[in-house]
Structures are given as structure tokens and as C-alpha cells.
Amino acid sequence: MKQLSILLVGLAISGATFAQSLAVDSIEINTLKAHVYSDGGILEMETWDDSTYKPLLYADGIWVGGIDQSNTLHQSAQTYRQSGLDFWPGPISNNPMASSKHNRVYKVNLQTLTDFKNNLTLGVPPEIANWPAHGDTIMGEAYYLAPFVDVNNDGKYKPDDGDYPKIKGDEAIYTIFNDSNEDTTGTHMGLEIHCMVYAYNTGGIEDSIMYKEYKIINRSTKVYHSAYFSIFADFDLGNSSDDLIGTNISANSIFTYNSDVNDEGPLGFGTRLATCGLRMIQGPSADYFDGIDNDRDGCLDAVRDANGNCIPENPATGVREQILLSGSMYYNNTISPQGNPDLPTDYYNYMMSHWKDGNSLITENPSGLLSVGNGDGYVNSNIGLKTSFAYPGNSFDSTGAYPPYNATNWFDSPINLNDKRALANAGPFSISAGQEFHLTYAFIWSRQNDGFHGHNVINDKLANLHNVYNNPPSRNVGITKYQPAPNYRVYFDAINSSWFLDNSSANHITLELYDTRGIKLNTFSLKSGDKIRVPSGNLPAGVYIVLDIETLKTDKILVQ
């Protein structure tokens with residue numbers, strides 16, 4: 001595990017430089033714990049293992065770049081903040097002290113919101129009272145900032161009227177930041193960014209997932225073309241010296257797994273190997289009629305609806321494709337054409353899945369999973385089969401949008417143990433002045449040995465992650481106090497890859513299993529103290545409902 005960087009940086013505001021430490025808070029509602037900073041970045045995402053936290057991810061952040069109408073490259077890219085900040089706390093503002101004023105991390109728990117709505121709190125809790133719903137319009141800030149539930153629809157956030165933050169998940173962290181201040185890696189873009197990190201605690205598959213959603217607004221008057229958005233991820237899987245990376249193109253995902261059968265050291269996961277990945281769920285809007293199936297749904301310049309129909313893009317109605325993982329890339333912690341970026345063009349090249357010197361990523365000597373014969377993708381001559389994706393294995397783009405278009409059998413080599421940083425890329429696209437776009441991705445982890453160092457397990461979970469996202473747990477700020485199930489719990493056992501029921505009550509419980517069409521598939525019972533596997537049998541992959549016939553309580557399970 002790397003040592004935590006000191007987040008004490010010099011910030012230049014209107015010529016006056018002062019030292020400021022970024023605000024930070026942690027989200028820890030399920031098996032994942034992440035430290036989230038006021039510039040939206042994560043530093044250390046961990047999981048509890050027996051007696052200590054063990055790392056899965058050292059850092060994440062976003063990179064955005066584009067070219068303006070005078071052909072000038074603009075970009076902002078955050079890694080470890082070692083040379084300053086590309087993203088500063090707060091909305092874009094004319095207030096010279098806005099970054100200090102907004103250097104906050106806003107953490108809210110669903111239980112707090114429910115207690116507040118049910119008048120079970122002593123006054124207004126601070127996290128509700130301090131929610132950044134509105135900006136200072138006198139200082140040029142946008143009036144509406146963080147989302148909220150407006151109980152009386154007066155357009156104003158007033159907790160005394162019963163208004164409260166609008167969040168997702170059982171716990172969420174909200175941050176607002178921008179790139180309009182002093183440059184560190186290039187000419188910045190004038191973007192204001194809102195980020196929500198959230199997670200659920202269900203006892204099921206959701207307990208291994210953490211989501212990040214971004215709303216990005218171009219507050220400048222510039223128009224950008226050839227723009228790219230990238231998710232920077234420095235995976236550290238326990239012992240970080242033996243990690244490999246890969247791409248699952250069809251799942252719009254990048255991931256990490258172990259190079260050998262033992263993750264050694266005090267921070268390692270031992271022989272019960274861990275894996276971790278991220279999936280891009282929502283991407284930037286593609287340019288209209290660009291002739292590319294950007295979302296890989298089989299509809300060219302069109303969007304497939306819930307009924308399977310291709311709906312053509314239409315600027316009048318806003319129907320528009322989104323770009324989902326147009327490429328992936330990596331670089332090493334070295335000083336080389338494959339190493340750490342320094343110049344603005346270095347960052348931009350990596351966002352386009354090129355090396356720093358402009359060379360293409362090459363499918364080099366593909367030799368199969370866990371073979372030492374696989375090349376690293378850098379070829380001096382720049383001759384070879386070009387690809388937009390680093391180590392895609394046998395995944396490929398069947399729509400012909402981005403290479404490879406067929407299985408290549410190219411994987412990371414177990415002897416290529418450089419300290420790699422991975423990128424999930426989306427582009428090119430255009431950003432108009434005032435335009436707003438949304439991006440969502442999710443981290444998921446697992447700890448199962450499938451005989452292939454967890455490679456196949458994490459790919460199965462990434463493939464199903466979109467289905468999990470589209471079928472979230474039912475969560476409402478209700479009129480009664482939110483409580484977990486009082487009689488039994490339904491949970492997913494990652495080791496056995498099965499759902500279990502644990503009846504801790506003194507009662508006999510009868511449960512029924514339904515599919516999403518409402519068809520009953522099974523009936524089963526639990527005596528007091530029973531712990532049984534959910535009898536899902538040979539059911540096809542999908543979402544199913546467990547119903548307690550006495551209380552009518554339901555739980556959702558995902559069969560993979």
C-alpha cells in the first residue's frame with residue numbers, strides 16, 4: 001500500500017497564496033470504506049478483513065480535456081495532487097474566498113433523513129441544515145446546487161419547512177468543485193462539477209458496490225470539440241506489487257486481479273484472492289449523427305428503448321446516444337513514454353488511449369490469460385494491430401465502433417509488475433457553452449478463487465453490475481422509521497456464491513420466491529435459528545423477490 005499523500009497544497013486566489021487542507025470524510029455503509037475529499041477524489045478505498053482494513057484502490061479521480069475554437073487544448077486531470085490542484089472546492093464563483101467557504105464534504109445518512117421527517121430529531125441535524133442547496137447569486141454562483149426535496153414546492157431550501165437533502169443509497173457524500181482556478185497541468189475548461197458518492201447496505205450483492213455520480217456543467221463561454229472524459233483509477237489490491245489489470249469491453253469495465261495464487265504480506269489477501277473493478281454506467285452525450293454506435297446497443301445513431309426498438313437520435317426531442325467506454329489505457333509509475341504524464345499533451349494522449357509520445361496502443365504478442373508471453377502494448381516502431389483498449393482479453397467491440405473488433409487473446413503478463421495506473425476513457429464528443437452532462441460509474445469487489453486468480457469472477461460481476469444498478473433497493477424517506485428486517489436477514493455469501501436466509505427470531509417463518517412477473521416459483525420455511533441457502537435452483541440469471549407471507553416484507557436477490 002502506498003503512503004497517503006499529504007493533502008496540504010498552496011492555493012493561489014487573486015494573487016494571494018495560502019495553505020489549505022482539503023476537507024475529507026469517509027463513507028462506510030457496507031463492506032467498502034472510502035475517504036472522499038472535497039475535490040471529489042477518493043484516496044484509499046478499503047475493506048475490513050478479520051482485524052484490519054486492506055486496500056482495493058489507492059486513488060481515483062476524473063480527467064477532462066477538449067480543444068476550443070482557436071485550437072487550444074484545455075484540460076483538467078487529478079491524480080495525487082502532488083503538484084497542486086486541478087479541481088478546487090466549491091462552485092464557480094466571483095468570491096475570491098469561495099474555495100475556503102465551500103471546502104466541505106457533505107455526508108448524509110438515510111436514517112437521519114427518515115428520523116428528521118418523522119420528527120425524531122432534536123431540531124434540524126447539521127447535515128441537513130448545512131446542505132449546499134443554493135449558491136450566492138450575488139457572487140455569480142448558480143442558485144440551485146445540491147439536490148433537495150422541496151416539500152412545499154416554493155423553490156427554496158428551508159429545512160424549517162421540512163425540506164431535506166435528496167440522496168441516493170443508505171449513505172451518501174456530496175461535493176461540489178470546479179477547475180476554474182490556477183492551472184497545474186494545462187489551460188482549464190471552466191467546469192463546475194457536482195459529485196455524489198453513495199452505497200447501500202442490504203446484506204446482498206449491493207454490499208460490495210460503491211457508486212459515483214457526476215453532474216458536469218460548462219460554466220465558460222467556450223465550445224469544446226474532440227473532448228474526452230476519463231476515470232483515473234490506481235488500483236492497489238492488498239499487496240500492490242503483484243497486480244494485473246484488464247478490460248471487459250462488453251461490460252464497459254476495467255478491473256484488477258492478482259498475478260499469482262498468493263497475495264502476500266500484511267496487507268495482502270493471502271490465498272483467498274480479492275479482485276476489484278469499475279464499470280462505466282452512464283457516459284457523456286455523443287455528438288449527434290456521428291456514425292458510431294457509441295453505446296454498443298446495436299442501434300447506429302439511435303437509442304434502444306425498453307421494448308427493444310431503435311429510436312433515432314433527434315436534437316428536437318433530446319434523444320441522443322451516450323459514449324460508454326470508448327477506450328481504456330494504463331501507464332506506469334516511471335519516467336518513460338509509458339510513464340507518468342507531465343505535459344498537457346501527455347494527459348490528453350492517455351485519454352485517447354495513446355502513449356505519451358503519441359504512439360498507438362498495440363495488441364502486442366497476445367498469448368492468453370496468465371501467460372508471460374503477452375506484450376505490454378508499447379512498440380517503438382508503432383507497427384502492429386492497433387487497439388483502443390488495454391488488455392481486453394477475448395472481449396471485443398462487436399458493433400465495430402472501437403477496435404478490437406474480434407477476440408485477440410491479449411492479457412496482462414504476470415511478469416509485467418510495474419506499478420500501473422488505469423484509465424477508463426470516453427470520447428470524442430463536444431461540449432457547448434452552458435452544457436450539462438452526467439456520468440456514473442461503480443466500483444465492485446469480490447473475494448473468490450475461481451482457479452484463474454479471480455479474473456473470471458470479477459468479469460461475471462461486472463457483466464451483471466448494470467442489472468444491479470437498474471434494479472436498486474427500494475429506499476424512501478418514509479413516514480415511519482426505517483428499520484432493517486426484524487425477524488430474518490437475506491444476504492449474499494461471496495465465498496459460496498449463494499444467497500442465504502438466517503432466521504434469528506423465535507418464530508417459524510414461511511417465505512415465497514417470485515420472479516419479476518409476479519409468478520410464484522417456490523415456497524419454503526425456516527424454523528427459529530435456521531440458516532438455509534435460498535432455493536434458487538437452476539433459475540436463469542435475473543432478479544427475484546423473496547416474500548414473507550405474514551408481514552408481506554420483500555427482499556430482492558440477484559441470481560447470476
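Student: How do the residues of the lining of the second largest cavity divide into nonpolar, polar and charged?
Tutor: Six are nonpolar, one is polar and two are charged. A cavity is a set of points on a 1 Å grid over the protein atoms alone where a 1.4 Å probe fits but cannot get out, and lining residues have an atom within 4 Å of a point. This is a predicted model, with local features needing pLDDT of at least 70, side-chain atom pairs pLDDT 80 or more, and totals for linings using all residues. Residues are numbered from 1 along each chain, and side-chain values use heavy atoms, without hydrogens and water.

Student: Which residues line the second largest cavity?
Tutor: Ile-205, Glu-206, Val-468, Asn-471, Trp-499, Val-543, Lys-556, Ile-557 and Leu-558. Its volume, the space filled by probe spheres set on the points, is about 60 Å³.

Student: And how many cavities of 30 Å³ or more are there?
Tutor: Five. The largest cavity holds about 90 Å³ of space, and 13 residues line it, with Phe-235, Ser-240, Asp-243, Asn-418 and Lys-420 the closest to its centre. Its lining has four nonpolar, four polar and five charged residues.

Student: New topic: which residues have the most contacts inside the largest nonpolar core?
Tutor: Met-45, Leu-56, Tyr-214, Phe-235 and Leu-278, in a core of 56 residues. Such a core joins buried (under 20% relative accessible area, 1.4 Å probe) nonpolar residues through side-chain atoms within 4.5 Å.

Student: What is Leu-278 in contact with, leaving aside its neighbours within four places in sequence?
Tutor: With contact meaning heavy atoms within 4.5 Å, its partners include Ile-231, Phe-235, Asn-252, Tyr-441 and Leu-462.

Definitions and conventions. On a 1 Å grid over the protein atoms alone, a cavity is a set of points where a 1.4 Å probe fits but cannot get out, and a pocket is an open set with protein on both sides within 12 Å along at least five of seven lines; lining residues have an atom within 4 Å of a point. Ala, Val, Leu, Ile, Met, Phe, Trp, Tyr, Cys and Pro count as nonpolar, Asp, Glu, Lys and Arg as charged, and the others, Gly among them, as polar. Buried means under 20% relative accessible area, exposed over 50%, partly exposed in between (1.4 Å probe, protein chains only).
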